[in-house]
Structure formats: C-alpha cells, structure tokens
Amino acid sequence: MVLLYAVLGLAFSSFLNVCIDRLPERASIVSPPSHCPACGRRLAPFDLIPLLSYLFLRGRCRHCGAPIPRRVLLVEAMTGLLFVLLWYRAGSPPYGLSLRLLLATLYTCFFIVIFFIDLEHQLVLNRVIYPAIIVALLAIPLTPNHDAAELLGGGAIGFGLLFLIAFIYPAGMGMGDVKLATFIGLVVGFPSVFAALLISFVAGGLVGGGLLLTGLKGRKDPIPFAPFLVAGGVVAMLYGQQIIDWYVRCLL
Ligand SMILES: [Zn+2]
C-alpha cells in the first residue's frame, strides 16, 4: 500500500512540475498538454513516466535534445519520498488512508510548488498561497487531533511573528513569507508552529551563512526564504508533536 501511495505521488509530481513551470507565467495548468519548452513538441505518454523517462532519455528531449531541467527530476523524487513519509506519519491508525493523510498530502503539494517557484523566481505567488490559506481555513473543522483554537492560534502566531520581522527588516523578509508562515501556522497549529519557524530560521541561517562563506552568494544576492519556511513547515507537519514532546522533556 505504501508503494502504491508512492507511485501516486510520482504520478502527481508531473502535475506539480507543470504548476511550477506555468503558474509564474500566468499560463493555464490544464492546457496545452505537457510539451518540450525548447521545441514545443508534445510529450508522448512514455515521456511522462516520472523518474524512469528522465533516466532513460538521459535528461534530454527525445526530439530536439534540449536538456530537461534537473528540477523536474528533483520534484519527482521529492514528491515520491514525501508521499512515503506522509503515509507513515499522517496515515492513521497506524498507517492507511484517512482524512488526515489526504489533508497532509494536499498541503504537501502546495508546499512543493511554493518551494520551487520561490527558489526559481524569488516569489511566493498569491495565486498559490491564497488558495492554500483558504483550503487550510476550510479544513479546520475537519482536522483531527487539533481543535480550531490551536490551528487559528498557530496561523495568528505565524502571521504575527513574520509580519513583525518583515516590518523591522523589510529587506530580508517579504509579504509572501508572511502569508506562507500564516499558512504553515494554520496547518501545524500551536505549539508546532514554533518548531516550524525555529527550524526555518536555523536552516536559513546555516545555509545562508554557508553560501556566503563559500562565496557562492555575495552579501547583496537575495536568498529566498520561503524554501526554508517550507522545510520547517513540512518537518513540523510530520514530526511537530515529537519535537514538542522532546523539547518539553528537555525542560523538565
Ligand atoms: Zn524538444
């Protein structure tokens, strides 16, 4: 069953790649069907098989030989892997199809699209984040294990903290990050929202510092922050309760 879910993830990853390609250009994600961006030829069903087709074609279009972006492969691998983790962490009980799993899966798809669009365009698109927030709000009464106060409180904390940072330090944080933190808070709730934000800031600091030290990025180069927020959000969604339990045990 978990393999089946992973395959479902792989199948879905093609659609996520289309979203990442087309949403920043305001293009339709439904039509036209997938095509090579270089020669415009339509992809055959075989070319759409995730992972395998990329490896078989050695990362090139079969017609014109233009390289397929490595991100395509990365999205496919990441989606498959996350679907496996979701099955074990969000399926209940102990694993299996459940409303919680479906919601977590839906949120993960939003997270993946936001992650890669921000990485490539330094933008958190309203076209993506507003629907994500609306879905999270509508799902509040349906969310097991959390009451509405925890989830709304998480959203308020995510919004409040990042809004404050963006207000004090507008060069480092944009309103897109504030909206994303609101979404994460609504998804993971209180108190996991603190774990999500802490992980984002630590990861952002480490990676950002590393990029500066190695000279891969200059002091003035923008380093998108949404990918780190997404990483923190996904970890908190999957392991938030464990992190909070561990933290409480350390305090006692
Ligand atoms: Zn081509």
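Biologist: Which helices do the buried residues of H8 pack against?

Modeller: This is a predicted model, so local features need pLDDT of at least 70 and side-chain atom pairs count only at pLDDT 80 or more, while totals for chains, interfaces and linings use all residues. Residues are numbered from 1 along each chain as its sequence is written, and side-chain values use heavy atoms, with hydrogens and water left out. A helix is a DSSP run of H or I with at least four residues, numbered from the N terminus; buried means under 20% relative accessible area, exposed over 50%, partly exposed in between (1.4 Å probe, protein chains only); contact means heavy atoms within 4.5 Å. The buried residues of H8 pack against H6 (148-168), H7 (175-188) and H9 (226-251).

Biologist: How far does H8 reach from its first C-alpha to its last?

Modeller: H8 spans residues 192-213, which is 22 residues. The expected span is 1.5 Å times one less than the number of residues. That gives an expected 32 Å, and H8 comes close to it, at 31 Å.

Biologist: Which protein residues are the donors of the zinc ion?

Modeller: Donors are N, O and S atoms within 2.8 Å of the metal (3.2 Å for Na, K and Ca); water is not among the atoms, so sites may look incomplete. Here the donor atoms are SG atoms, lying 2.3 Å from the zinc ion. Their spacing along the chain is C-x2-C-x21-C-x2-C. They belong to Cys36, Cys39, Cys61 and Cys64.

Biologist: What is the arrangement of the four donor atoms around the zinc ion?

Modeller: Four donors count as tetrahedral if all angles lie between 85 and 135 degrees. The ideal tetrahedral angle is 109.5 degrees. Around this zinc ion the angles are 105 to 115°, so the arrangement is tetrahedral.

Biologist: Is Cys36 buried or exposed?

Modeller: Cys64, at 39% relative accessibility, counts as partly exposed. Cys36 has a relative accessible area of 4%, so Cys36 is buried.

Notes: Helices (H or I, at least four residues) and strands (E, at least two) are DSSP runs, numbered from the N terminus. Four donors count as tetrahedral if all angles lie between 85 and 135 degrees; four count as square planar and six as octahedral if opposite donors are over 155 degrees apart and all others between 65 and 115; anything else is irregular.
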